[in-house]
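Could you open the structure in your viewer and keep the selection panel at hand? We will go from stop to stop, with something to select at each one.

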Amino acid sequence: MDKNILHHADFPRSNKYDPMWIIENEMGPNPLWLTEFLTEPFDLKPGMRVLDLGSGKGITSVFLAREFGVQVYAADFDEWKGWTSPEIRWNNAKENGVEHLVIPIKADARKLPFAEGFFDAIVCVDSYFYYGKNDGDFENIIRFLRPGGKIGMVIPGFMKDVSSGVPDYIKEFLGDELWTWETLPWWKNLWEKTNLATIDIADTLKDGCALWQRWDETLDSVGKHSAPDEIEDFKRDKGEYMGFLRLVATKG
């Protein structure tokens, strides 16, 4: 495989990683691109405790540990048809030389087993919409963050208001997960109304739809994915409805 197949000028940190390793551990759109985008404003430093919530196979945790020297708690509920487990996250940490920084655990996002105020930062990459949409969810998660600490998420979502409905191709693309997608203002309001944090950033990933399309085309090119209809949906949409949302907030 071309070692530059996933290289992108906007993601210099991600460019250092073996593309086949990223692909073999994928559970959605390129998780390293999303993690790099999310953590730009975090000012992470060695020694910080970071909760990687919804960490999947743990490659986002490896990225955080290697790039910033932080201690990462790689937490996931591990009910993805056996696709994830603490053992998988642990093996990825060992293979990348950061076993001293990554702590893999099984944990439900709504029943986290930590002391309040324990973490310096909480990151949620491509997962928050599964466990954070209800009133009370944000409050339940942010209580584990120290005052002044940052919490952030990057998730797929709608690029504009959809109160009048979405095109049929969007409904077909999302299927049973249509309920998980919202707009940036919707998510921003959900966090703001708690009065527990100040929103620092509420924006979208530049060319998010095109990046997702490129990711799928890359998977197809190496025989790891076959979703021609999905790729056609990206080409048709051109970022009108589909993309990635980022929220970053400071507690207190």
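**First stop: helix 9 and helix 10**

Start by selecting helix 9 together with helix 10 (residues 228-237), whose axes come within 9 Å and cross at roughly 155 degrees. Please bear in mind throughout that this is a predicted model. Angles over 145 degrees count as roughly antiparallel, and helix 9 and helix 10 are therefore roughly antiparallel to each other. Their crossing is left-handed.

Now show the side chains in the contact. On helix 9, pick Cys 209, Trp 212, Gln 213, Asp 216, Glu 217 and Asp 220. Their partners on helix 10 are Glu 230, Ile 231, Phe 234, Lys 235 and Asp 237. Colour this set by residue type and you will find 6 charged, 4 nonpolar and 1 polar.

**Second stop: the loops beside these helices**

Step back to the loop that joins strand 6 (197-204) to helix 9, and click on Asp 207. Its phi is near 55 degrees, a positive value in a residue that is not glycine.

Then move to the loop between helix 10 and strand 7 (242-251), where Lys 238 is found. Lys 238 also has a positive phi without being a glycine, with a value near 55 degrees.

The largest cavity holds about 60 Å³ of space.

To see what surrounds this space, select Pro 29, Asn 30, Trp 33, Leu 34, Leu 205, Leu 211, Trp 212, Trp 215 and Phe 244, which line the largest cavity. Helix 2 and helix 9 (208-221) are the elements that give two or more residues to this lining. Which of the elements gives the largest share? That is helix 9, with 3 residues. By type, the lining divides into 8 nonpolar residues and 1 polar, with no charged ones.

Keep Trp 212 highlighted for a moment: this residue lines the largest cavity, and Trp 212 is also part of the contact of helix 9 with helix 10.

**Last stop: helix 2 and helix 3**

The way helix 2 passes helix 3 is a right-handed crossing.

For the contact itself, display Pro 31, Leu 32, Thr 35, Glu 36 and Thr 39 on helix 2. Facing them from helix 3, display Ile 59, Thr 60, Phe 63, Leu 64 and Phe 68. Coloured by type, the residues of this contact divide into 6 nonpolar, 3 polar and 1 charged.

Definitions and conventions: Residues are numbered from 1 along each chain as its sequence is written. This is a predicted model: local features need pLDDT of at least 70, side-chain atom pairs count only at pLDDT 80 or more; totals for chains, interfaces and linings use all residues. Side-chain values use heavy atoms; hydrogens and water are left out. A crossing is left-handed if the near helix is turned anticlockwise from the far one by less than a right angle, and right-handed if clockwise. Helices (H or I, at least four residues) and strands (E, at least two) are DSSP runs, numbered from the N terminus. Contact means heavy atoms within 4.5 Å. Ala, Val, Leu, Ile, Met, Phe, Trp, Tyr, Cys and Pro count as nonpolar, Asp, Glu, Lys and Arg as charged, and the others, Gly among them, as polar. On a 1 Å grid over the protein atoms alone, a cavity is a set of points where a 1.4 Å probe fits but cannot get out, and a pocket is an open set with protein on both sides within 12 Å along at least five of seven lines; lining residues have an atom within 4 Å of a point. Grid points are joined across faces, edges and corners, and a volume is the space filled by probe spheres set on the points. Axes are lines fitted to C-alpha atoms, for helices over the stretch in contact, and angles run from 0 to 180 degrees between N-to-C directions. Angles under 35 degrees count as roughly parallel, over 145 as roughly antiparallel, 65 to 115 as roughly perpendicular and the rest as oblique.
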